[in-house]
Amino acid sequence: MELPAQPGLTLTAHSAVCTPDYDALQLLAAWAATADASPTSTSVPTDQQKR
């Protein structure tokens, strides 16, 4: 797929189903979701957890 906003660039998507590659992609997605997660505002500060 060509990207109209960036002439010369293209977007390529890959997919894998029922293969070891699928499992690897799922693992990468889980890592990305964990790395992008931000703490919630309801979390207890570390110094208050000890009380």
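Does Ala13 count as buried or exposed, and what is its relative accessibility? I began my notebook with this residue, keeping in mind that the model is predicted. I found Ala13 in the segment before H1, and I noted that it counts as exposed because its relative accessibility is 72%, where exposed means over 50%.

Next I turned to the chain as a whole, where I counted two helices and zero strands. Of the 51 residues in the chain, I noted that buried ones make up 2%. The chain exposes about 5,000 Å², and I recorded that carbon and sulfur atoms supply 59% of that area.

My last entry concerns helix H1, which spans residues 20-36 and holds Leu27. I wrote down that Leu27 counts as partly exposed because its relative accessibility is 43%, which lies between the cut-offs of 20% and 50%.

Definitions and conventions. Residues are numbered from 1 along each chain as its sequence is written. This is a predicted model: local features need pLDDT of at least 70, side-chain atom pairs count only at pLDDT 80 or more; totals for chains, interfaces and linings use all residues. Side-chain values use heavy atoms; hydrogens and water are left out. Helices (H or I, at least four residues) and strands (E, at least two) are DSSP runs, numbered from the N terminus. Buried means under 20% relative accessible area, exposed over 50%, partly exposed in between (1.4 Å probe, protein chains only). Accessible areas come from the Shrake-Rupley method with a 1.4 Å probe; for residues, only the protein chains shown count as cover.
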